[in-house]
Amino acid sequence: MSRTRFIPLEPVKHKSIKLKNDPTFSHSKLFNFVNIGFNEIAALSGCMPLVLVHDEAADVLSLTCCLGFEGFGNVFYHERQWLGHAVPLSVQCYPFNYSIDEQRVSVLIDENSTRFTSFDDVGAALFSSDGHPTTLLKQQQENLATLLEGQQQAKAFVDILKQYDLLAPLSVSITRASGQIVHSSNLYSVNEEKYAQLEADTIVKLHKEGISMAINAMLLSLRQYNRLVQLTESFEDPAIRVGIKLNKSM
Amino acid sequence: MNQIIIVGGGTAGWLTAGLLAATHCKPDDAGNLLSITVIESESVHPIGVGEGTWPTMRQTLSKIGISEADLVKHASATFKQASKFVNWHHSGLGNSYYHPFSAPQGSANLDISPYWLSMHTEQGQYASDVCFQPSLCDEGLAPKMSSQSNQSFVANYGYHLDAGQFIELLRSHCVQNLGVNRIVDDVTSVKQNEMGICGLSTRGHGEIQADLYVDCSGFSGLLIDKELNIELTDASHILFADRALFFQLPYKDPNAPIACYTQSTAQKAGWVWDIALQHRRGTGYVYSSRHQDDEAARETYANYLKLHTSDSIDASSFREIRFKTGYRKKFWEKNCVAIGLSSGFLEPLEASSLMLIEQSATLLAEQLPADKCVMASVERRFNERLKGMWESAINFLKLHYVLSNNDSAFWKDNRSNESIPFELSALLEEWRLRPVLESDFSRTSDTFSAQSYRYILYGMLDKAECATANSFYKRALKHVDFANKQMSLNKALIKQLQARMPSHRGLIDSFFK
Ligand SMILES: Cc1cc2nc3c(=O)[nH]c(=O)nc-3n(C[C@H](O)[C@H](O)[C@H](O)COP(=O)(O)OP(=O)(O)OC[C@H]3O[C@@H](n4cnc5c(N)ncnc54)[C@H](O)[C@@H]3O)c2cc1C
């Protein structure tokens, strides 16, 4: 698989490229975690675990969904179809992405993606013959706008969790059929008890902003780890058990 | 009634043949099929203009059995969402306005225009404030997502099409799929008796007879005028234009964006139409020879064209048509019905000619007398209905002129009281004091609705005139919140459509995949 290289989409340069459909989202085959938007929490929480991942190098905490485990890659990937009822927006958006540059949002494409072709009979055009974006590209632009908005809201959400000191380290370990145990590190979820102890006014405020709903959904989504374990069934040396511990003492 | 002959194979002849054949396609109890024959001359060509339609054309074609895809592929058709009037009136808000085909937001429940009239501060242009379609037109966006018809959002639209290709498409469909007979020949003389027409002599096919004759012979009015001597009701004292120059402009770039409205730009003694097809634009200058001599008219027209092309323009290559504005005193006389240019002519300001052809042919197909003995009462009904439609169309076309503030002689004369039909001037007086109401147009022959009148009237009024037009009616405005909500919904819809709709050419592309 060639390396991802996002470059700005240009109407003239990319006038005649076509996009091939890929219902399996094969580019995500090796993904374990994917950043998600605040506006995706409701849709994804019934399908996959939603957790916060701490990137130590950059010291950034991101809202993500977990698609699989180390050694397995993305367990929702299958060569014929995606094995869940929900797909994270950033996975759907590929091979498109956005960049923000002095408040201006531009559309990027992965120029190495095999989803782009210049053959007429496969794939759908990004630009009509007059150089205007087609409905397909406009749909992608709308998705990117939703993604951008959701990711900005996700940042604000994480800040609120930090502000009220609601983070709780999460330890997840899976046991494989061979007995090997794999730990995931640098994961966080929400400390429910601390949340319950917030002042009534604060709770009302967070409730109004949809924060409480999001917290609940995140906590409930941890049950989906069992689904991930089931989805490893077709793998060699599948996972057979998962242990989840939320450390609330901090 | 078993046999119908249609004289003339222009747009009128073939649309009429198609509608008649598609409506009466089964045998009667005696096993007889309705036989329809079109006679068209090889030496007299169809007029070759008439390229803008109403949304009614969609229904007409679907009745006849011609798909939109065929129209786009074989008649160079594009999508028409509005008429845009440029320089008809200079106001603080600009020099142009739209008459879109889609209704104002919320129309199914309430007409929000009186509320718009009383918005003093935030008021923009009427059509854009109440309807999303002007914005689609401005941005060159299509009225629907793709060639597939099963779509959630479709704005109202008609077509622009290539007149010559359209006739060929209609002809081959009528002959191949609807069993219409075609005779290529000249009608050289017509025989008449007390029942009406009793035979047509042709150059190569001898004498031909039928139970009913439809005159679609164009301006020559072979049967209705030359043979039956039915005169025109002259309307040239109301609508002054009597000539048209026309010319086709190719696109410089074959993939140029395509305008999805008919543009009508006011000129010294008339106006220029500009219609965008897939591979070219069709333009023409409609003017009054009483107000501008031919040479000056050619110059005016050439000046317009020069703004739109860098190619040199040769004014002697313009084609010219002379016409008389008016309509037959009777459209149906004995066993002869006139449809198309033979029945009268109105300048193509709102594409009313093709619409009147569709209406006449549909009415004929519906009311087709089973037997000669009931012909007279059908004749009376048909004539009454058509007369009403033509009068209604004339009033509506005149409306465009009377509201202008252009000061050249042509435009001033257009505002003179003698030139304005009484019914229209009475309504205009009332509309200075109150909004346009649905109930102002309650006859079935009212071809243009209150909605269309509002788009023209409020497209041209100034702010102060809007305010007085509503002061009396204010007492009846009980639904301010609803109206405001419609206007903000309109804004939201515009944003959404801008983010989603393909360009007009993008939509055309989708038919060729
Ligand atoms: C300048 C101009 C612009 C227009 N623009 C528009 C517009 O934008 N929208 C719109 O709706 N309408 C428009 N119209 C009107 C439109 O062009 C006509 O309504 C339409 O084309 C119908 O014409 P027709 O079929 O009646 O006549 P024609 O096209 O003239 O056809 C006449 C037919 O009769 C046949 N014929 C004549 N004599 C004989 C004979 N002796 N024997 C056998 N056959 C004979 C001819 O061969 C021909 O087939 C415009 C008209 C003009 C003049």
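**Exercise 1. Find which side chains meet Arg280(B) in a salt bridge, and say which parts of chain B the pair ties together.**

Step 1. The side chain of Arg280(B) meets that of Asp162(B) in a salt bridge, with 2.8 Å from N to O. A salt bridge here is a side-chain nitrogen of Lys or Arg within 4 Å of a carboxyl oxygen of Asp or Glu.

Step 2. Arg280(B) lies in strand S16 (residues 280-287), and Asp162(B) lies in the loop between strand S6 (158-160) and helix H7 (163-177), so the pair ties together parts of chain B that are 118 residues apart in sequence. Helices (H or I, at least four residues) and strands (E, at least two) are DSSP runs, numbered from the N terminus.

Step 3. Over all chains, the rule gives 28 salt bridges.

The model is predicted: local features need pLDDT of at least 70, side-chain atom pairs count only at pLDDT 80 or more, and totals for chains, interfaces and linings use all residues. Residues are numbered from 1 along each chain as its sequence is written, chains are lettered from A and ligands numbered from 1 in the order in which they are written, and side-chain values use heavy atoms, with hydrogens and water left out.

**Exercise 2. Describe the contact between chain A and chain B.**

Step 1. Chain A gives 8 residues to the contact and chain B gives 14 residues; contact means heavy atoms within 4.5 Å.

Step 2. The two chains bury about 940 Å² between them, 48% of it on carbon and sulfur atoms. Buried area is the accessible area (1.4 Å probe) that two parts lose on being put together, summed over both. Ser129(A), Asp130(A) and Lys138(A) supply 49% of the area that chain A buries against chain B, more than any other three residues.

Step 3. The count between the chains is 1 salt bridge. Arg500(B) forms a salt bridge with Glu142(A), and their closest N and O atoms are 2.7 Å apart.

**Exercise 3. State which residues of chain B come nearest to the ligand, and how much of the ligand the protein buries.**

Step 1. Around the ligand there are 33 residues, of which Gly9(B), Val44(B), Ile47(B), Leu341(B) and Leu354(B) come nearest. A residue counts as near if one of its heavy atoms lies within 4 Å.

Step 2. Look at the backbone N or O atoms that face ligand oxygen atoms. For Leu341(B) the distance is 2.8 Å, for Ala12(B) 3.0 Å and for Ala351(B) 3.5 Å.

Step 3. Taken alone, the ligand exposes 1,000 Å², and the protein buries 96% of that; accessible areas come from the Shrake-Rupley method with a 1.4 Å probe, and for residues only the protein chains shown count as cover.

Step 4. Helix H9(B) gives the largest share of the shell, 3 residues.

**Exercise 4. Locate the cis peptide bond and the positive phi in chain A.**

Step 1. Most residues other than glycine have a negative phi, and most peptide bonds are trans.

Step 2. A cis peptide bond joins Tyr94(A) and Pro95(A), with omega about 10°. Pro95(A) sits in the loop between helix H2 (89-93) and strand S8 (96-101) of chain A.

Step 3. Asn186(A) has a positive phi, near 65°, and its place is in strand S13 (residues 181-190) of chain A.

How values were computed
A polar contact is a pair of N or O atoms within 3.5 Å; within protein, one must be able to donate a hydrogen and the other to accept it, and residues adjacent in sequence count only if both atoms are side-chain atoms.
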